[in-house]
Amino acid sequence: MSRSIVRQSKFRHVFGQAVKAEQGYDDIRVSKVTWDSSFCAVNPKFMAVIVESSGGGAFLVLPVSKTGRVDKNYPLVIGHSGPVLDIDWCPHDDNIIASCSEDCTAMVWQIPDHSLTRPLSDPIVVLEGHSKRVGIVSWHPTARNILLSAGSDNLIIIWNVGTGEPLISMDDHPDLIYSISWNRNGSLFCTTCKDRRLRVCDPRKREVVAERLAPHEGIRPMRAIFTRDGNIFTTGFTRMSQRELGLWDPTNFEEPIALLELDTSNGVLLPYYDADANMVYLCGKGDSSIRYFEITDEPPYVHYLNTFSSKEPQRGMGFMPKRGVDVSKCEIARLYKLLDKKCEPITMTVPRKSDLFQDDLYPDTAGPEPAMEPEEWLDGHDEDPILMSMKEGYIPPKSRELKVVKKNVLDSRPTTRRSMSTVDTNSLPPQLLERLLEEIQNLKATVLSQEKRICDLENKLSQYTNGTA
């Protein structure tokens, strides 16, 4: 008598559940830009969503706890002059977010701990180096202040946001870049491109170290992410336009570790990866379902677990870092599903009877502390993420100013002007020089007094808004 053997896995019974209606976020005008980004980014403090806005690009930032209906006059982040295409929270500071736009720039913002009381239009730093729209921004997983951007000019630029300077530029892609993913320690990243190639790049050597033509035979967009053990998980389409997923060893691209056909839907599958559980969640744009799989060392290597289905199709998706989940409820992942006018959190839970902390579900996870400074990474050092225990849960710290610091970026500008003017000081009459210096001092004093006045008014406004005045 034959018996089917069921594969043993603690994640075999993971189930998804949408939160109650009052715990969602309503009246959000989600962007209608036709760009295959997730449109949403979340961390333990904030949820950010790219929204429709007239006269430029904007995104909404809400404290995660601020659920319910969003006031139509709620202040937005509004610095871009073209539609925002991608946003990404800094993994080392919950108050720092990067955005990129059709206006050819990327910007870095510091969000205050309390809700915004007025539109935020002043970024910490503006990163200008692309000649066409910028569609991807991605923070380095372990080095402080390192940000990658990729544009429709087929250029990848890696920035030190502390100085606002480009550190590395790579122009190895002949066509539009669809996706970029860093590996666990940030020594490499993988890309998918419109030329149907999957590439593994070493940014510090400025070279492509491995590539594979057509990991998926279809011509539609692909996505690729690094797994924790250095393999690459991809989603794409077959020649017959069926959606497909694959697992590849970048040291041997000839044959896939696994290749699996899914269905015939049109939406690009966006993969969200949980390195601690080695699980991947696939969210198709326009789908009303989320499939999830476990990646293991045993054939068939990518194991289908289950599908979460709901009635409405998703416009985008946000994925909470592991340190933001609720360990007391055995929650192992939380996704933020964007609909036309709202955002609906979905919790993924492992059913357990015990109320005690489940060590096997929550190994130490990547914490918010960077493992390296930008200079160390640039010099060739590699460090894995600094891990933290989940036993006591995670309480986000209060906002701390970006180490760069805004001041350093701003101070570099007048310094340049002074050094340029000193070249000509010998040819200036002493009276004119004195008059110019006096005028500069007066202007500086005026600016300082105006800044103090603005600060006082903002404090008053904040007191009125919070009801403390």
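A. Asp276 is buried, with a relative accessible area of 15% (buried means under 20%, exposed over 50% and partly exposed in between, with a 1.4 Å probe and protein chains only). The model is predicted: local features need pLDDT of at least 70 and side-chain atom pairs pLDDT 80 or more, while totals for chains, interfaces and linings use all residues. Residues are numbered from 1 along each chain as its sequence is written, and side-chain values use heavy atoms, leaving out hydrogens and water. The side chains of Asp276 and Lys322 form a salt bridge at 3.9 Å, N to O (a side-chain nitrogen of Lys or Arg within 4 Å of a carboxyl oxygen of Asp or Glu). Asp276 sits in the loop between strand E23 (269–274) and E24, and Lys322 in the loop between E27 and E28, so this pair ties together parts 46 residues apart in sequence. Helices (H or I, at least four residues) and strands (E, at least two) are DSSP runs numbered from the N terminus. Lys322 is also buried, with a relative accessible area of 10%.

Asp287 belongs to the loop between strand E24 (279–284) and strand E25 (289–295), whereas Arg243 is in strand E21 (residues 243–248), so the pair links parts that are 44 residues apart in sequence. Asp287 and Arg243 are both buried.

**C. A salt bridge connects the side chains of Arg323 and Asp94 (3.2 Å, N to O).** Arg323 is in the loop between strand E27 (316–319) and strand E28 (331–338), and Asp94 is in the loop between strand E7 (84–89) and strand E8 (96–101), so the two tie together parts that are 229 residues apart in sequence. Both residues of the Arg323 and Asp94 pair are buried. The count for the structure comes to 18 salt bridges. Side chains of opposite charge can pair when their charged atoms come close.

**D. Strands E23 and E24 run antiparallel and are joined by 6 bridges.** Two strands pair if DSSP finds at least two bridges between them. In E23, 6 of the 6 residues are buried, so the strand is largely enclosed by the rest of the structure. In a regular strand the side chains alternate between the two faces of the sheet. Leu269, Pro271 and Tyr273 point one way from E23, Leu270, Tyr272 and Asp274 point the other way, and all are buried. Across the pairing, Pro271 stands opposite Leu282 in E24, and Tyr273 stands opposite Val280 in E24. The hairpin of E23 and E24 has 4 residues between the strands, and Asn278 takes a positive phi near 55° there.

**E. E24 is joined to E25 by 5 bridges, and these strands run antiparallel.** E24 is mostly covered, with 6 of its 6 residues buried. Met279, Tyr281 and Cys283 lie on one side of E24 and Val280, Leu282 and Gly284 on the other, and all of these are buried. Cys283 has Ile290 in E25 as its bridge partner. The hairpin formed by E24 and E25 has 4 residues between the strands, and Gly286 in its turn has a positive phi of about 85°.

Phe39 has a positive phi of about 65° although it is not a glycine. Phe39 is found in the loop between strand E2 (25–26) and strand E3 (40–42). Phe39 is buried, with a relative accessible area of 1%.

**G. Cys330, a residue other than glycine, has a positive phi near 55°.** The loop between E27 and E28 holds Cys330. With 5% relative accessibility, Cys330 counts as buried.

**H. Pro299 and Pro300 are joined by a cis peptide bond.** Omega of this bond is about 0°. Pro300 is placed in the loop between E25 and strand E26 (302–309).

**I. Glu375, Glu376, Asp379, Glu383 and Asp384 gather in a patch of negative charge on the surface.** Patches are made of residues with over 30% relative accessible area and no salt bridge, with like charges joined within 9 Å and nonpolar side chains (Val, Leu, Ile, Met, Phe, Trp, Tyr) within 5 Å. Asp384 lies in the loop between helix H1 (374–378) and strand E31 (387–388). Asp384 is partly exposed, with a relative accessible area of 49%.

Note on methods. Accessible areas come from the Shrake-Rupley method with a 1.4 Å probe; for residues, only the protein chains shown count as cover. Lys and Arg count as positive and Asp and Glu as negative; His and the chain ends are not counted. The place of a charge is taken as NZ of Lys, CZ of Arg, CG of Asp or CD of Glu.
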